[in-house]
Amino acid sequence: MSKPEFRWVGKPIPRKDAYAKASGSIAYPSDISMPGMLFSGVLRSPLPHARIKRIDASTARALPRVAAVLTHEDVPGKNRYGAFIRDRPVLCDDKVRCVGDPVALVVATTAEEVENALRLIQVEYEKLPAVTDPVEALKPGSPKVHEGGNVCRETRISFGDVEEAFRRAAVIVENTYRTGSQVHAYLEPEAGLGYYDDAKRLTLIVGGQSPYKDKAEICETLGLKEDEVVVITPPVGGAFGGKDDVPVQLHLALAVLKTGKPVKLVWGRGESCIAGLKRHPATVKMKTAAAADGTLLANRVEILFDKGAYAGLGPAVLDVAIENCNGPYRMPNVDIQATLAYTNNGVMSAFRGFGSPQVMFAMESQMNILAEKLGLDRIEFRLRNALRKGDEGAFRNRINSGVGIQEALERARNHELWRGRVSPGPGLGQWTKRGVGVAAAIKGFTLGALPDKGAAKIRLLDSGRFEVNVSTTEIGQGMTIAFAQIAAEALRCDLDDVTVACGDTLNAPDTSVTSASRSTYLGGNAIIKAAKEMQTLLARSAAELLGEPERTLQAGPSGIVSTRTDRSVTYSAIAERAKSRNLSIETIGTFDVPRVEPIAGSLEIPHLFYMFACALAEVEVDILTGVVKVTRLVVLPDGGRVINPQTFEGQVEGAAIQGLGYAIIEEAKIEDGFLKTPNFATYLIPTIKDAPEIEVIPVGEAEETGPFGAKGVGEIGLVPIAPAITNAIYDATGVRLFEIPATPERVYQALKKGGAAINLARARGRT
Ligand code: MOS
């Protein structure tokens, strides 16, 4: 990567919230309270599927400290919401469609009284047969989750001629892969506080990802006007896609509307696991063909996602799965059939990677199987097919963003972990096998063919410092320090001269959603535009103050400097002058992602911009117990130019550990519609003891269209991890896992079934 001289961009500057976060003193939405505040809680369905015959809240309402018990009758309008399909009730009316579906909302003066009231509400249900298997859900005659049936979305996208390609292929492999659900497991469960502000606006301080989108959904669903609602999102204790929806927002808004008082709502951990969003479990069937020289020819793919009871962002998640199911490779012929099936299994929606991890597990397993059949080195085979800038993608789309996958694979090939591997690894005692696996990954960032716009505001404060305002939210990713660096670089001022405020609809322009790894790219580009305009305004003021022409003036750390004389004027002097004239010096920059037409049958395919990654995993497999230990991870992400190496690494390391959990530990077990793992005693996530040494090696070029060359990095670090680990398990044992998480039980069963393979692998000196 070429490295122009930057003063702030590319520097590992510690984030300003680091100490507050490490010490626990930072105030997340759940930590924020108000005098006179009421508490609230949600009565949730204990059944996966049932008709609501009667709700009797009279006893609960009569409790002395209860302010309100709200049901569907209190919800104005149609009582349905949803980003793509308005299928989800604010409070259930005719039916409940999953365990955890909200039925009533209690507001009381104490948290204890909320619990008392929740116990006293009587709901008479008529049990309905539940459908909890997406395959069953699609069969005629199965119970219907919604009146329109169980197909939430279905599409088929084909380019080229797969059958013709299969006929001339040297090798074809066909397999079915299964991936499990995953709980976001944030430090802070879903939470918020609502109240009327001094201007009588319904105001929410809430843990979310998209204040403007939240606001729009609240207005639409509850029939409020745009200027009647304010959404503020302080630093959030984790989101990962799980807070890219509005159940808490709608309940808080409703509670404030009905009581007129400040109301707080904090979900419990069990509630977060049960009623919170999860990753879509998937079945991915793939038939992949290659020529004898290792050229990929065709991919026929069937994707089936368990949607759970409501659409959420699922329709878009499905598109991302379709778009990325061929991996970061040229694939001239594709036939992709994809379905979202409603079931009574909770609600699945966005989760870091957004559909890409499911299909990458399948594709990157296929790549290893193909390589072995072709007798090609696993990395060499990938390199022969890896996308290059300017290539045509599977959807006949031109890949114009930087494409770092070649570099990632080359550097993986030269990494000592890869070069030093011995397959199968040297024995670590008779029953432990070591192996190394490789996997590549791709995921688009920004919203693809959906409209995608961002804006940022910069204001010169009285102090002479600059306040940057964006509406994207700090969900732990380190967005604020990256924005401060981008702004300081663009304004040519000191980093300490910049403060970043974010996440509210009152002061910030609409930067749109904090998702799809898009914040740095959209927000950063908008900040640079605002900074350019700010410099024009500053130069104009300075020219008047100094009596010199604007063109001889230049922005610098302390103020505007003349290039002709040694005179200068400080930013605070410019601010003071503006204030004395009752002016404010403020600019707004906007950045729109160029529009692309969605391909037929899709919502957001193709993206213009993609992130890439390659990962190496080293594992030790105990072949007696099936326990897999990941001992090393090397992740080589292409997120464009790195704005802040510390936060970049933090994102990739966090994603890698979340990917490790997805690969071998985390399993949201849903049986007959009941979540069997509703807490952290049963839903296990990786701890520090499971976290291996992780090496992060950024690759790729500066993205021409990005802010100082940046793309995005929030999600890509997760995507190659699961296949890298299962490929490493195969390397160690000769046994392939077609289902994740590769829990000890699954690995043990696979080893038992492939008993012969263990010996085979030991004897074999594979490439
Ligand atoms: Mo995300 S999974 O695009 O918040």
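**Close-up 1. Gly 661 in helix H17.** Gly 661 is part of helix H17, which spans residues 645-665 (helices are DSSP runs of H or I with at least four residues, strands are DSSP runs of E with at least two, and both are numbered from the N terminus). This is a predicted model, in which local features need pLDDT of at least 70 and side-chain atom pairs count only at pLDDT 80 or more, while totals for chains, interfaces and linings use all residues. Residues are numbered from 1 along each chain as its sequence is written, and side-chain values use heavy atoms, with hydrogens and water left out. Gly 661 counts as buried because its relative accessibility is 0% (buried means under 20% relative accessible area, exposed over 50%, and partly exposed in between, with a 1.4 Å probe and protein chains only). Not counting residues up to four places away in sequence, Gly 661 touches Gln 182, Glu 666 and Pro 686, where contact means heavy atoms within 4.5 Å. Gly 661 and Asp 566 are 95 residues apart in sequence, and their C-alpha atoms are 59 Å apart in space.

**Close-up 2. Ala 617 in strand S26.** Ala 617 belongs to strand S26, residues 609-622, and with 0% relative accessibility it counts as buried. Leaving aside neighbours within four places in sequence, Ala 617 has contacts that include Gly 435, Val 436, Arg 632 and Ile 725. Although Ala 617 and Asn 727 are 110 residues apart along the chain, their C-alpha atoms are separated by 8.4 Å.

**Close-up 3. Thr 631 in strand S27.** Thr 631 lies in strand S27, which covers residues 628-638. Its side chain is joined to that of Glu 618 by a polar contact of 2.6 Å (a pair of N or O atoms within 3.5 Å; within protein, one must be able to donate a hydrogen and the other to accept it, and residues adjacent in sequence count only if both atoms are side-chain atoms). Beyond four places in sequence, the residues in contact with Thr 631 also include Val 619 and Pro 692.

**Close-up 4. Helices H15 and H16.** The axes of H15 (residues 519-546) and H16 (residues 571-580) come within 10 Å and cross at roughly 85°, the axes being lines fitted to C-alpha atoms, for helices over the stretch in contact, with angles from 0 to 180 degrees between N-to-C directions. The contact is made by residues including Leu 538 and Leu 545 of H15 and Tyr 571 and Ile 574 of H16.
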